[in-house]
Amino acid sequence: MKQTDIQTMDPIPSPAHEKRITPDKVKRFLINNLVTILFVILCAVGLRLSGLSMAFYLNDIVSRFARNSFLVLALIIPVMAGMGLNFAIVLGAMAGQGAIIFVTHWGIAGMNGILLSVLICTPIAILLGWMTGRLLNRARGKEMITSLILGFFANGVYQLIFLIMVGSPLIPMKNEVLVLSSGVGLRSTIDLSGGLRYAIDDVIRTPFPQFVMYLSLIGALYLVSVIIRMRSGKVMVQQYSKKRLITLFLLLLAAMIWGLVTSLSVSMINSVRVPAFTMIIIAVLCLFNIFIVKTKLGQDFRTVGQDQHIAEVSGINVSRTRVLAIVMSTLLAAWGQIIFLQNLGAFSTYGSHEQVGMFASAAILIGGASVSKATVGHAILGTILFHTLFIVSPLAGRNLFGDAQLGEYFRSFVAYGVIGVALGLHAWKKLMQAKNQKKV
Amino acid sequence: MITPDVRRFGAVKDTLKSFGLPRIIIVVFLVLLWAISMFLEIPFPQLLSDTLVRWGMNGVLVLAMMPSILAGTGLYFGLPIGIICGLLGGVIAIELNLVGITAFFAAIAFSIPFAFVLGWVYGFMLNRIKGSEMTVATYVGFSIVSLMCIFWSMAPFKSPAMAWPIGRGLRVTISLADRYEKVLNNFLSFNIFGIMIPTGLILFLLLMCLIVVLFFNTKTGIALKAGGENPRFAQSSGINVDTMRIVGTIFSTVLGAIGILVYSQSFGFIQLYTAPLFMGFLAAAAILIGGASIKKATILHVLLGTFLFQGLLVVALPVANKVATLGSLAEISRIIVSNGVILYALAQHSGD
Amino acid sequence: MSNEAFVLDMQDIGKEYFGNRVLSAINLQLKPGEIHGIVGENGAGKSTLMNILFGMSVIHSTGGYEGKIRVSGKEAQIKSPLDAMNLGIGMVHQEFMLIPGYTITENIKLNREITKPNLASRIVGKRYDTLDVVAMRRDARKALDKLDMSIDEWATIAGLPVGYMQFVEIARELDKTNLKVLVFDEPTAVLTESEADNLLDAMRVISNHGIAILFITHRLHEIMTVCENITVLRDGKMVAQRKKDETNIYELAELMVGSRVGEVMRKPREDVTDEKPILTIRNLSVEMPGEEVSNVSLDIHKGEIIGIGGLAGQGKIGVANGIMGLFPAEGEVVFDGKQIELNNPTNAMMNSLAFVSEDRRGVGLLLDSSIENNIAFTAIQRQGKYLKKFGPFTQLDKAAVRQTADRMIKELDIRCTGPTQITRRLSGGNQQKVCIARALMLEPKLLFVSEPTRGIDVGAKKLVLQTLVELSEKYGLTVVMTSSELAELRSVCDRIAIVTEGKIAGILKPTDTDVDFGLMMAGEKHDNA
């Protein structure tokens, strides 16, 4: 999309003859983005097989995007810092979830409840993130498997707290709605309706076409400002090629017009309502990620991610920087889970946080990220693709095999497989690179 | 010249250190729970019987961790693959309507070719991703389990013992009651002081251990261990370390296949679909509890670790039930203990 | 020396690593803008001295250093690279400290980035300042221009030729405005001749800017080209300090090598070359990182003890490693009439060649296995010894292994608690003997031994060498000994081949002069040849 490749800060534009599209280049593009392309095809096929109408699909995907993308974005910073996929965002999610549970128990509803949840979970998430960071520092080189197992471990502790200790003298809680009839342990589902449900989403809801229109407008205005700054020499001219900017501008213009026209028509798409406030929050996080990369802190993250030894010798406190990356990630995951739950409305007390790490990782990998590089663009694209698959699988399964369950299995197979394949490919590429470097 | 060693002190200190903090904690914890259980008048012989059964039942699955560790590929988180081979063998045996001990050994025989092939492919893949084996293995394992779920749902098997009465596919749990349930457990079993000893089961476990020991004393086994301990050393002696790693993976896969069949016959049911998902972690935790590390494992670690881990799980539930009706404490403690132990092993600075 | 203000004054610098003294009583003074050369063999102490100056953790985590360092007259405590940088000491490392995935500018400004405060940083902290890319690129441009480099400052490091990368290293140091002293650690080792010339020119430019330079190298002609003053180190001591005009490469070579009256353990045989060669090496090239062999041809005669010497990184270690198949190699090797297939350890061993690697702990031993298992290992795998056969299956014959181990422990006098002791517990010398025992179990006709006494304390060194001599005499074994310690080669070998820049520079007798050795090792031509 926009300047999402800030992380490498686009190198100098190559001379004209290198810009031509050659078969070799196409091959390289395909190999580098194999997973993403495969997924786009899969989703397209799935959409057709499922027989969903555009309006239904849009409604679902908008909802899923709004509740999941924050969590996916939380993975970016640890990848920058060379710590791989932080499967331990589960701990942050648990902090957020715990906060929501208690706020619901205390009966505080609406935005007040949300703000209180944020207040409660923040210090807890920071503490958990700190502990995770310390542990990962001890397990250098094995960060991903460690964070994976840590997630499982934390899940056990979570169950210990909320199934065994809640209601007991250790954590007294008298609440017939939330607590099991035995008096100890939370019920397996918690319903947030009337309380925190849609607390953030409901702030502003905009019909989809209008949303697209406003979004494109903002985008176009920003582009114009970039062009003006380029003219006045404040931004390095080389960073953005003129052709790219103009194409982008035209696309945004087209989107704006489509949005305007559709919103004035009687299309079903107008009934798809976008939780605009939530989207704004997500946009803020996107901007935050982009901002971090441009700061000294972001540069430190990247340096540590590139080469820990050189970073250390240059005077960067590598251990502390890595811990900071994890703390930020965990904190964002905690807030992300709050967004997630308020949209979901009713959630499984013991289940909805379990897969957070794996789903977010699968999503970002599908979007084209790798263990060593992840951008906002990857997160957004990946969330859309991953959740599209979620939506279409059961329906496609039913239409194809007469069994929705098969669709579900297929979805699991693909999600896990994607991570395994992406990780494997990445490891293999790194090994090949190391071998080639030795020859030099 | 052989000298009396002042360094022997170092050896003693090393043994204590290598016994490790988590193992000491778990042994203490286990003994404590046993003491509490006796205090709460929970019949100890029953506890011990159950522990012995679960020891024999899980032992081979834990044994499957060993070749992978010794070959240098880390904890065998790809155990679900071996398990699936075993389940395939078991299912084929049922389709052929076999019963008794023949069925059991036939199931093993059917599963071994699958295990060889899949183990080879899997080992080949592991060689391409040295250093990231455990992470990738986990996800590939999960992925294959999901793929198999699709297979089980559409499998062309017809045996009424396994298939859904209407439509296609196999049921989630398949009873072995009339076939070979507990066929090993009951073999030559006897009672002593109220403790039921499942002799056949234990003998089978020991037999598997013996096979493993014999293997690692062969020329290939010795080469495999060297390749895992110091690949450059092995290479300089002309050993193809990559081939050794594949051999180790195949061996682990075969043991996994046999292991799940031993487990199922004791349990009385074959469990398809998502059952294999987390078994790799439980087996890994057991061997780590026994004293193994990501790079080193012995038979003693397997036997001791399985006994301690299962012993803990067996005693935890009744104790928890007596103290307060905490039904799921067993499951939760299993999660916490197994993953906690693996975390400890990972944090041991054992290098990249 | 005169009273002019020294920019760097090192007095009485010494270093001991757990009882092992590697540096003593080094005195060195630098004037601003002076180019000072430091020469020495391997292990002379050059790198240790620079590690001390640059505050590397390997120094102060092992007890620190002795002596005083003054920078511009003020006493300095250097405990980390950051301290050194703040004092104005910069270093161009042998292994570049460059991040390949970063641009030149990012590397130059690593952890010294120029930033501008913004809204967030005013609240949260300085680490959130925005990077001022424009300003950084300007500074990088300036540094590159100082070195006359026209390359774009925003190009990525990966893919640049080595010479360019080195210049970026230098540019990084030049960008540090407080730079007073710049240390070059063997900079020309990886450069082509023309790149090396560029570097020497650049050094002159830098010194003209008033920055003093410490130039560490073994290439004597480079020293003579560019340095004003020269310090020669040997065995951790300062053996001489000369002004360039007061010396020449012959003197420097001689001082570098030194006339160590080592104990001659064995009288060199004069008649070795009378017999036909048992091993002929032709046009051998080996890709061993750091010890590349480009073109070695050598004849080795039956029953001789021949040494392969030379400075570190010149290729001597690569020869044996290449022949024994541990690293990719090309060329022709014929042993005892048979062609040896390269890149194949098995083939070499099947043809009665054996190898004791220089990397004792990394390649030579299974540290967590017993002595007996180590000794028997290769013989088991390559010759099927110590195995009981049961049809297609084999089982280790533990009794036979035990017997052999006992025998070798006695024969080689390996100090241990028994054949079951883990090799990690043994001292360096005894570990080396286990490695030798393992090689001997193959009953080879020729034994390659690399760095046989490296890391072994003085007393044990003699024992290991004695063992090799005895083996040669008792079994008629041909021994090819590669070593960085010239003295030990001269005390034991019949002939010594010197490898410089990946080729055989010549073959000397142990009794040849120090000047001969020094010049050959430094790659200089000897006028009297």
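Contact is taken as heavy atoms within 4.5 Å. The structure is a predicted model, in which local features need pLDDT of at least 70 and side-chain atom pairs count only at pLDDT 80 or more, whereas totals for chains, interfaces and linings use all residues; side-chain values use heavy atoms, with hydrogens and water left out. Residues are numbered from 1 along each chain as its sequence is written, and chains are lettered from A in the order in which they are written.

By this criterion, 23 residues from chain B and 36 residues from chain C take part in the contact. About 2600 Å² is buried between chain B and chain C, 52% of it on carbon and sulfur atoms; buried area is the accessible area (1.4 Å probe) that two parts lose on being put together, summed over both. One salt bridge (a side-chain nitrogen of Lys or Arg within 4 Å of a carboxyl oxygen of Asp or Glu) is found across this interface. The side chains of Arg232(B) and Asp359(C) form a salt bridge with an N to O distance of 3.2 Å. Helix H10 (219-229) and helix H11 (231-236) of chain B each supply at least two residues of the side that touches chain C, and H10(B) gives the most, with five residues. Helices (H or I, at least four residues) and strands (E, at least two) are DSSP runs, numbered from the N terminus.

Over all chains, the structure holds 42 salt bridges. Within chain C, Arg112(C) pairs with Asp175(C), their closest N and O atoms being 2.5 Å apart. Because Arg112(C) lies in the loop between helix H4 (104-108) and strand S7 (115-116) of chain C, and Asp175(C) in helix H7 (residues 162-175) of chain C, the pair ties together parts that are 63 residues apart in sequence.

Chain C also contains an open sheet of four strands in the order S2-S1-S4-S5, with antiparallel pairing; two strands pair if DSSP finds at least two bridges between them. Strand S2 (20-30) and strand S5 (74-76) of chain C stand at the edges with a single partner strand each, so one side of each is left without a neighbour in the sheet. Strand S1 (residues 8-17) of chain C pairs with S2(C) over seven bridges, and Lys15(C) stands opposite Leu23(C) in S2(C).

For chain A, the mean pLDDT (the predictor's confidence in each residue, from 0 to 100) is 84, and 92% of its residues reach 70 or more. Over residues 1-17 of chain A, the pLDDT is below 50. Where pLDDT is low, the predicted coordinates should not be read in detail.
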